[in-house]
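Hi,

Here's the structure I promised to pass on. Have a look first, and my notes on the charges and contacts follow below.

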Amino acid sequence: MSRPMPRPGILDIAPYTPGKSTAPGVAKVFKLSANETPLGPSPKAIEAYQAAAAHLEDYPEGSSQVLREAIGRSFGLDPDRIVCGAGSDEVLNFLAHAYLGAGDEAIMTEHCFLVYPIATMGNGAKPVAVPEKNYTADVDAMLKAVTPRTRMVWLANPNNPTGTYLPFDEVKRLQRALPTNALLVVDAAYADYVARNDYETGIELVATTENTVMCRTFSKIHGLAALRIGWMYGPAHVVDAVNRIRGPFNVSTPAMLAGVASLADTAHLERSRAHNTNWLAWLTDEISKLGLKVTPSVANFILIHFPPDKGKTADDADAFLTERGLVLRALKNYRLPHALRLTVGTEEANRLVVDALRDFTGRK
């Protein structure tokens, strides 16, 4: 060897590729590829972030105490059972680092969030992708994939990029049938948008079992994606393990204080939720009228299918929309080469997308 080499398996990992955010040559671009909220963050969160700039020379409080306590107040949780991270991605990687190793397996769905296989393989374990049913996690298929080597099950609920979800009874059925030494990770990044009576974020399972954790983020409805704030709620023994590998000062003071202020601004959160509920339904209905299949979503985005046998592919649609400054998410990396993911945007962006797709399909 003439140079240092990464350990076996690292170079087999397909790196995460973000959605594009630009449209060259277009004066005004609508970025609808990253599931960012069109209403932006709470003004109170911006104010708290700016105020923190007066003390950038000071290290953050090492355990994110003020943020954990605010999360605890908002959701009725014990702050001692919460761990915060630089985005939920960091928390997901903490869990993989603490509980996965060479020879282990981690189950995930066919069209799962790309961080799951990356975190799994990054710790020497094998990702086991399980087919979905109607673009929705299939509990029976996931349980069938369990082996003596299964140490983790990743479940995004709602799922990204499909927007589908599992009712709470199904999540409970999954957890109850798993080996007790397998950790169920419920990634509820989009939970704030769900308005279904049979949905539960995962809090109840965490409170009543020893092998379930729930992860959340401030990047979606809170509009704080640039600050990278995520958190998990878990059993005390999981929290203890994760805190042993969590880096010191991993969440910045401006991020913590902005997160606290955002949680307190419930009116802004309700406006964001109402905007999404209204325009999610409108986009689903209007795009379906154009003869395009839309997977029913409970999140802040929809999955639009472009059957290749119709002569106009997802690639064609992507290029057509980009020329108009409408940037959606191509999904080849998600094993969905014939679909685009559209984030619910502003009223202007939403109407422009529908008009552009009307032109693309030739449907009037």
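Let's start with Lys28, which counts as partly exposed because its relative accessibility is 47%. Keep in mind that this is a predicted model.

Lys28 forms a salt bridge with Glu348, with 3.2 Å between the closest N and O atoms. Lys28 sits in the segment before strand S1 (30-31) and Glu348 in helix H12 (residues 347-361), so the pair ties together parts that are 320 residues apart in sequence. Glu348 is partly exposed too, at 41% relative accessible area.

Another one to look at is Asp140 with Arg173, a salt bridge whose closest N and O atoms are 2.9 Å apart. Here helix H5 (residues 139-144) holds Asp140 and helix H6 (residues 168-177) holds Arg173, so this pair links parts 33 residues apart in sequence.

Back in helix H12, Glu347 and Arg351 are four residues apart, about one turn of the helix. They form a salt bridge as well, at 3.0 Å between the closest N and O atoms. A search of the whole structure gives 18 salt bridges, and Asp285, Glu286, Lys289, Asp355 and Arg358 are linked in a network of them.

On the surface, there's a patch of negative charge made up of Glu61, Glu69, Asp78 and Asp80. Asp80 is in the loop between helix H2 (65-75) and strand S2 (82-85), and its 59% relative accessibility makes it exposed.

Thr120, in helix H4 (residues 115-122), is buried at 0% relative accessibility. Its side chain makes a polar contact of 3.0 Å with the side chain of Trp154.

Cheers

Definitions and conventions. Residues numbered from 1 in each chain as written. Predicted model: local features only at pLDDT ≥ 70, side-chain atom pairs only at ≥ 80, totals over all residues. Heavy atoms only, no water. Patch = residues over 30% accessible without salt bridge, like charges linked within 9 Å, V, L, I, M, F, W, Y side chains within 5 Å. Areas by Shrake-Rupley, 256 points an atom, 1.4 Å probe, with all protein chains shown as cover. Salt bridge = Lys/Arg side-chain N within 4 Å of Asp/Glu carboxyl O. Lys, Arg positive; Asp, Glu negative; His and termini not counted. Charge placed at Lys NZ, Arg CZ, Asp CG, Glu CD. Helix = DSSP H or I, 4+ residues; strand = E, 2+ residues; numbered from the N terminus. Buried < 20%, exposed > 50% of the residue type's maximum accessible area, 1.4 Å probe, protein only. Polar contact = N/O pair within 3.5 Å; in protein donor to acceptor, adjacent residues only side chain to side chain.
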